[in-house]
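Grab a pencil and work through these exercises with the structure open beside you. Try each task before you read its solution.

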Amino acid sequence: MRYSKDHKQATRQRIVEAAGRRFKEDGIDGAGVAAVMSDAGLTNGAFYAHFTSKEDLVANVLADQLRAQREGFDAEPAGRAGLEEFIRAYLSPQHRDACAEGCPSAALLDEVVRRPPVTKQVFTDELVALMGDIAARLDPADTETARTNALTLFALMVGTMQLARALSDREQSDRLLARSLETALRLLDDFAR
């Protein structure tokens, strides 16, 4: 039976979305193709009709997840208000507690470091695009400095989220999130022109 191009694309997207959730929950190396395909409601045999390898899937997932994050950011209100909303949502207990639905950088950064160069380049390209969007709101007159400031701010947010998730003491994790939010908002004031 031949499926339409739209059906194949929808199936591929279903796999990418299932893999994104599974990778963020179990880690890239902890999530096998069989688990991903089961999550997508498909058989293992269907995998190679869409991807050449698990690494191909990883690269597609990273690109998809970061593009979705960028679209979410772009949907925020313009200017500082949108940046502040993004930061507040990111450094929240809700984001900490919803790893599978959250930021791919906070969930997967330690594994991206060990991926092949092609996969790391996909991650870099998509992250730089997101940082460009943030930089445009920080200081449209000096995009190079603003992009470095955006990376600095985002690094604080990602590192905070990773540590907040790793702490077994919930109160300590909550305090870390609250203090990091204060720090990020101060940085926003320093960086925004």
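## Exercise 1: Around His95

Leaving aside neighbours within four places in sequence, His95 is in contact with Ala89, Tyr90, Gly102, Cys103, Met161 and Arg165. Keep in mind that you're looking at a predicted model.

**Task.** Work out which helix holds His95, and decide whether His95 is buried or exposed.

**Solution.** 
- Step 1: Find the residue. His95 sits in helix α5.
- Step 2: Check its accessibility. The relative accessibility of His95 is 11%, and the cut-off for buried is under 20%, so His95 counts as buried.
- Step 3: Look at the side chain. The side chain of His95 gets to the backbone oxygen of Tyr90 at 2.7 Å.
- Step 4: Pick a partner from further along the chain. Arg165 is 70 residues away from His95 in sequence, yet their C-alpha atoms are separated by 9.6 Å.

## Exercise 2: A serine in a loop

**Task.** Find out where Ser92 is placed and which residues Ser92 touches, not counting those up to four places away in sequence.

**Solution.** 
- Step 1: Ser92 belongs to the loop between α4 (79–90) and α5 (93–97).
- Step 2: Ask how covered it is. Ser92 has 10% relative accessibility, so it counts as buried.
- Step 3: Look for a polar partner. A polar atom of the Ser92 side chain lies 2.7 Å from the backbone oxygen of Ala89.
- Step 4: List the contacts. With residues up to four places away in sequence not counted, Ser92 touches Met161 and Leu177.

## Exercise 3: Two helices side by side

**Task.** Decide whether α8 and α9 are roughly parallel or antiparallel to each other.

**Solution.** 
- Step 1: Know what to look for. Two packed helices are described by the angle between their axes and the distance between the axes.
- Step 2: Get the values. Helix α8 (residues 143–166) packs against helix α9 (residues 170–191) at an angle of about 175°, and their axes are 10 Å apart.
- Step 3: Apply the cut-off. Angles over 145 degrees count as roughly antiparallel, so α8 and α9 are roughly antiparallel to each other.
- Step 4: See who meets whom. On the α8 side the residues include Leu153, Leu156 and Met161, and on the α9 side they include Leu176, Leu177 and Phe191.
- Step 5: Sort the contact by residue kind. The contact of α8 with α9 is made up of ten nonpolar, six polar and no charged residues.

## Exercise 4: A helix on the inside

**Task.** Explain why helix α6 (residues 104–112) is described as largely enclosed by the rest of the structure.

**Solution.** 
- Step 1: Name the buried residues. In α6 these are Pro104, Ser105, Ala106, Ala107, Leu108, Glu111 and Val112.
- Step 2: Draw the conclusion. Seven of the nine residues of α6 are buried, so the helix is largely enclosed by the rest of the structure.
- Step 3: Name what surrounds them. The buried residues of α6 pack against α1 (5–26), α3 (54–74), α4, α7 (117–138) and α8.
- Step 4: Visit a contact of Pro104. Gln69, found in helix α3, touches Pro104, and its other contacts include Phe86, Leu130 and Phe154. Gln69 counts as buried, at 12% relative accessibility.

Note on methods
Residues numbered from 1 in each chain as written. Predicted model: local features only at pLDDT ≥ 70, side-chain atom pairs only at ≥ 80, totals over all residues. Heavy atoms only, no water. Helix = DSSP H or I, 4+ residues; strand = E, 2+ residues; numbered from the N terminus. Buried < 20%, exposed > 50% of the residue type's maximum accessible area, 1.4 Å probe, protein only. Polar contact = N/O pair within 3.5 Å; in protein donor to acceptor, adjacent residues only side chain to side chain. Contact = heavy atoms within 4.5 Å. Axes fitted to C-alpha atoms, helices over the stretch in contact; angles between N-to-C directions. Parallel < 35°, antiparallel > 145°, perpendicular 65-115°, else oblique. Nonpolar A, V, L, I, M, F, W, Y, C, P; charged D, E, K, R; others polar.
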